[in-house]
Amino acid sequence: MTDIQTSKHSETQTLENYWMPFTANRQFKASPRMLAEAEGMYYKDTSGRPVLDGTAGLWCCNAGHGRKEISEAVSHQIHQMDYAPSFQMGHPLAFELAERLASISPEGLNKVFFTNSGSESVDSALKIAINYHRANGESTRTRFIGRELGYHGVGFGGISVGGIGGNRKTFSQQLLPGVDHLPHTLDMQDNAFSRGMPKTGAEKAEVLEQLVALHGAENIAAVIVEPMSGSAGVILPPEGYLQRLREITKKHGILLIFDEVITGFGRVGDAFASQRWGVTPDMITAAKALNNGAIPMGAVLIDDNIYDACMQGPAGIELFHGYTYSGHPVAAAAAIASLNIYENEKLFERTKELESYFEDAIHSLKGLPNIIDIRNIGLVGGIQFSPSAQGVGKRGFAIFEECFAKGTLVRATADIIAISPPLIVDKQEIDQIVNTLSDAIRAVD
Ligand code: PLP
């Protein structure tokens with residue numbers, strides 16, 4: 001790896017100016033954890049110490065780090081054309097990428113709207129849902145239904161349909177009106193330590209019928225859920241649950257949106273969780289591994305029927321929505337190169353091949369102090385701990401810090417540790433992640 005001068009953290013560098021997102025800034029700045037380089041399965045911190053990546057960055061780098069195919073595509077594109085306006089102008093790569101995405105998306109989802117992040121993908125999907133119903137002559141369909149513990153990014157739309165209290169409370173007076181939430185599907189009493197999908201809990205989808213009875217289907221635009229909740233701590237759908245949501249939404253003309261910002265691009269074994277679980281929504285929101293995290297980019301995959309309905313009105317702009325950087329040529333080049341890697345190296349299939357090894361490895365932690373649940377699917381695992389006497393989240397964070405000190409990056413949300421390595425991970429690296437975790441769990445009170 002080359003030494004990149006600007007990525008080095010010197011003792012004299014000030015940390016004062018950067019307000020870090022979703023970070024305990026004062027704590028971090030008192031004891032920083034700085035990453036400077038990345039290649040394959042490893043980061044290096046600013047002192048050159050290798051850190052095994054147990055999280056694919058932030059669920060982004062599914063093909064591992066430092067992929068030459070991606071950096072060369074980016075470099076080539078930025079030389080050839082750095083930027084092209086996205087409104088009333090086009091460039092070939094955005095169309096090529098849309099075609100590539102349509103070719104791996106579930107049947108019928110052949111239209112692609114580009115964004116720059118998962119949050120923007122969610123807000124775009126919500127707006128497209130309303131636009132669609134208006135185009136269809138059903139302009140009273142404006143309500144949304146999310147789910148408790150759902151994470152849909154940080155836009156006002158996303159936090160409104162999202163169900164994580166901490167992300168909503170400060171902004172509670174500004175949330176979108178007309179939003180309800182389904183109950184979450186985490187049930188540790190019945191389903192703790194299940195492997196893969198929990199067997200019970202599908203009936204939680206029936207609450208949707210109650211909400212339809214309460215508000216009237218004619219007022220509901222869409223239901224949005226993560227097929228598997230990532231950020232809330234790897235919460236899996238019970239067997240039959242997603243199918244039931246699909247049946248009820250279809251019956252009432254309500255759109256179903258799967259937020260696959262985390263589950264997209266092989267994390268659970270197919271291109272999308274929708275395919276793994278055989279349930280096709282009307283829209284899928286994506287980002288992160290779309291271009292291996294190399295350049296900010298997101299997308300909404302949209303059913304042909306939605307697009308066609310929106311094309312019926314008078315000639316002119318059909319959707320008053322879009323971003324300066326929608327379909328950015330450099331981000332699109334990175335995405336095409338990433339899709340090539342996923343395909344050439346059969347990384348989605350690799351997830352399935354490694355799934356049972358990964359499952360056995362993380363379930364081997366059962367019995368260690370304070371573990372109250374272990375959940376897994378594909379190459380994702382969640383290990384839940386009872387909160388310590390110091391308060392909720394303290395134990396999870398202490399384990400994360402201990403793992404980092406021992407050379408492995410994991411992710412803590414409250415008292416849950418999530419593991420989601422790049423899909424290029426091998427068995428020995430899976431063992432290394434789990435062994436480090438095991439040591440860290442024993443070391444932390
Ligand atoms: N939706 C889901 C399911 C996510 O997991 C995330 C981010 O983790 C988002 C949306 C928001 O994505 P971003 O941080 O790129 O805005």
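**Figure 1. Pairing of β1 and β2 in the predicted model.** Strands β1 and β2 run antiparallel to one another and are joined by four bridges. In this predicted model, glutamate 37 has lysine 44 of β2 as its bridge partner. The two strands make a hairpin with two residues between them, and glycine 40, which lies in the turn, has a positive phi of about 60°.

**Figure 2. Pairing of β2 and β3.** The antiparallel pairing of β2 (residues 42-45) with β3 (residues 50-53) rests on three bridges, and in this pairing lysine 44 stands opposite proline 50 of β3. Lysine 44 is also the bridge partner of glutamate 37. Four residues lie between β2 and β3 in their hairpin, where glycine 48 adopts a positive phi near 90°.

Figure 3. The strands follow the order β1-β2-β3-β13 in an open sheet whose pairing is mixed. At the edges stand β1 (35-39) and β13 (408-409); each has a single partner strand, so one side of each is left without a neighbour in the sheet. In a regular strand, side chains alternate between the two faces of the sheet.

Figure 4. Alanine 129 belongs to helix α5, which covers residues 118-135. For the pair formed by alanine 129 and leucine 255, the residues are 126 apart along the chain, while their C-alpha atoms are separated by 7.1 Å.

**Figure 5. The shell around the ligand.** The ligand is surrounded by 14 residues, of which the closest are Ser117, Gly118, Ser119, Gly153 and Val261. Which element gives the most to this shell? Helix α5 does, with three residues. By class, the shell is made up of seven polar, five nonpolar and two charged residues.

**Figure 6. The contact between the two domains.** Domain 1 consists of two segments, 5-63 and 346-443, whereas domain 2 covers 71-344. The centres of the two domains, taken over C-alpha atoms, are 26 Å apart, and the contact takes 32 residues from domain 1 and 28 residues from domain 2. On the side of domain 1 that touches domain 2, the elements giving two or more residues are α2 (56-59), α14 (347-363), β11 (371-377), β12 (380-385) and β15 (416-419). The one that gives the most to this side is α14, with seven residues. Sorted by class, this side of domain 1 has 15 nonpolar, eleven polar and six charged residues.

**Figure 7. The whole chain, as context for the close-up views.** The protein chain has 16 helices and 15 strands, and its C-alpha atoms fill a box of roughly 60 × 55 × 45 Å along the principal axes. The radius of gyration of the protein chain is 22 Å, which agrees with the value near 22 Å that a compact globule of 445 residues would have. Of the 445 residues, 48% count as buried.

Conventions
Residues are numbered from 1 along each chain as its sequence is written. This is a predicted model: local features need pLDDT of at least 70, side-chain atom pairs count only at pLDDT 80 or more; totals for chains, interfaces and linings use all residues. Domain bounds come from an automatic or database domain assignment. Two residues are in contact if their C-beta atoms, placed from the backbone, lie within 7 Å. Ala, Val, Leu, Ile, Met, Phe, Trp, Tyr, Cys and Pro count as nonpolar, Asp, Glu, Lys and Arg as charged, and the others, Gly among them, as polar. The radius of gyration is taken over C-alpha atoms; the globule rule is 2.2 Å times the number of residues to the power 0.38. A residue is buried if 20 or more other C-beta atoms lie within 10 Å of its own, exposed if 12 or fewer, and partly exposed in between; C-beta atoms are placed from the backbone. A residue is near a molecule or strand if its C-beta atom, placed from the backbone, lies within 6 Å of it. Two strands pair if DSSP finds at least two bridges between them.
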